[in-house]
Amino acid sequence: MLKKYISFFLFALFIFTAYLAQARPVAPLMGYKQDIDSFLVSKLINNEPITYCIYLGKPALKITTPQDFEDTFKLAFKLWMVHTSQLIHQAGQEKELAPVLAVLEKDPNLQLLPECDFSKYPKESWQYLDFPPSGKKVPTADLSIFVEDTFFAHLKGEKDLEAFFSYQNQPYIVIPGRYYRINPSNVKMFGDKAQQFISLRKQMLATPNHDVKQINTLLAELMKVWDESVNYNPRNIMYVLQHELGHAFGLADQRSSADNGDLIHGTVYPRAGIMDNFTTYLTCDDADGIVLLLHEALNLHHERFSSLCRDGIKFSGGKEELSAPKKRVIRAGANKRARTYYPQTATDGVYLLEDSKYVSTYTDEDAKKIYYLFDFSRMPKGVGGFQSQQGHMKMLDVNNNPEKRVPVGEHVSQLTLGAGPAHKQILKEKYDDNGQLLSYTLEIYDEEVLTETRTKTF
């Protein structure tokens with residue numbers, strides 16, 4: 001029994017870690033450092049085999065077939081490459097991005113494995129699979145794709161499961177029913193348009209990536225048919241495969257409300273793309289992300305190149321070059337966070353953080369969100385308010401670890417509780433360049449009247 005709970009806990013931990021990794025904004029890129037050898041982009045560069053497996057549950061088999069789904073997966077993979085290649089040619093950047101173009105215009109070495117490896121999942125949970133694994137030892141794929149509705153929902157303890165990309169030792173994609181029910185190759189649903197989609201898919205897969213002219217012609221026809229069938233609905237197999245493959249390559253979700261990292265990678269502002277859940281098709285922002293990933297994997301990330309969006313943005317060191325400070329504001333409910341990046345942030349790692357979030361003293365759990373240097377004993381119980389902070393932060397490892405950051409210089413934080421406000425505390429801190437607290441002053445107010453001042457030097 002203990003072993004069962006330990007297995008479940010480890011799996012849940014992996015899922016939670018993956019969720020945090022997916023939502024890393026300020027940039028198109030995620031920092032995959034756990035298993036660099038399985039990085040799909042590095043395998044593309046070396047033209048190494050990329051193995052994949054597919055598990056289709058019973059409900060999925062009513063909408064697609066193993067061959068149909070595999071062809072759609074291969075098409076989604078191919079579209080990332082040929083779409084980016086197309087934009088490079090259209091922008092006239094063939095010379096500037098020649099090493100990247102050489103990778104994109106090779107056909108990927110995709111190899112299907114006959115069975116997915118379930119050995120890393122608790123055997124007690126296999127009963128929730130529509131088709132339990134054979135139990136024989138099978139090779140682990142570079143990318144496992146599970147199209148099913150119950151197994152992962154059971155492991156996560158949820159009824160309504162979202163599509164997601166995750167990884168344990170190897171990456172995997174989970175697509176539940178709400179995302180695969182719309183299949184552009186479903187003849188019963190889309191009739192002649194489905195037949196056209198199937199024909200164009202076959203032609204696309206048979207056309208080498210380097211045949212740019214033919215690829216572009218087929219791509220235009222495919223987009224037209226796809227638009228007329230799925231009608232921009234993001235809950236379709238083609239969309240979700242492209243989106244989750246973006247994560248498998250190393251791209252982050254681009255939701256404007258996401259707030260989970262400080263590393264500048266790509267652009268400061270998120271732009272429309274398939275990774276932001278608002279567009280159904282790949283865009284120039286998605287293409288920029290792939291180019292940045294390839295640049296990094298080719299060890300060319302310090303070479304400058306212009307954005308494929310042709311909006312005047314240039315990249316260097318995997319980051320947008322800034323000629324003036326740029327602020328990004330992130331709002332989530334009552335909480336607001338703004339980061340201002342400077343032209344030198346890419347090298348010195350320093351940015352300005354302005355943060356405001358709702359806090360309360362209703363429960364001990366809520367009160368833990370209040371900064372520890374404020375005086376809890378002076379706070380009225382059972383009230384809510386806001387805690388704000390402004391000061392410069394420094395990324396200790398600008399290139400690799402967006403989570404390692406420390407405050408530098410002078411910081412001002414304010415806690416306001418109750419209507420009026422009935423209670424206020426202002427904290428002024430001073431830090432050295434290594435994030436060590438040198439001194440602080442705490443001012444405590446009651447009904448806007450300063451009642452006490454505390455100063456401490458370390």
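Visitor: At roughly what angle do the axes of helix α4 and helix α11 cross?

Guide: This is a predicted model, in which local features need pLDDT of at least 70 and side-chain atom pairs count only at pLDDT 80 or more, while totals for chains, interfaces and linings use all residues. Residues are numbered from 1 along each chain as its sequence is written, and side-chain values use heavy atoms, with hydrogens and water left out. The axes of α4 (residues 66–90) and α11 (residues 237–249) cross at roughly 55° and come within 9 Å. Axes are lines fitted to C-alpha atoms, for helices over the stretch in contact, with angles from 0 to 180 degrees between N-to-C directions. Helices are DSSP runs of H or I with at least four residues, and strands are runs of E with at least two, numbered from the N terminus.

Visitor: Why are α4 and α11 called oblique to each other?

Guide: Angles under 35 degrees count as roughly parallel, over 145 as roughly antiparallel, 65 to 115 as roughly perpendicular, and the rest as oblique. The crossing angle is roughly 55°, and α4 and α11 are therefore oblique.

Visitor: Which residues of α4 meet α11?

Guide: Contact means heavy atoms within 4.5 Å. In α4 the residues are F69, T72, F73, L75, A76, F77, L79 and W80, and they meet I237, M238, L241, Q242, L245, G246 and F249 in α11. By class, this contact has 12 nonpolar, 3 polar and no charged residues. Here Ala, Val, Leu, Ile, Met, Phe, Trp, Tyr, Cys and Pro count as nonpolar, Asp, Glu, Lys and Arg as charged, and the others, Gly among them, as polar.

Visitor: What makes S185 buried or exposed?

Guide: Buried means under 20% relative accessible area, exposed over 50%, and partly exposed in between (1.4 Å probe, protein chains only). S185 has a relative accessible area of 7%, so S185 is buried. S185 lies in the loop between α7 (177–180) and α8 (187–190).

Visitor: What joins the side chains of S185 and N183?

Guide: A polar contact of 2.9 Å joins them. The term denotes a pair of N or O atoms within 3.5 Å; within protein, one must be able to donate a hydrogen and the other to accept it, and residues adjacent in sequence count only if both atoms are side-chain atoms.
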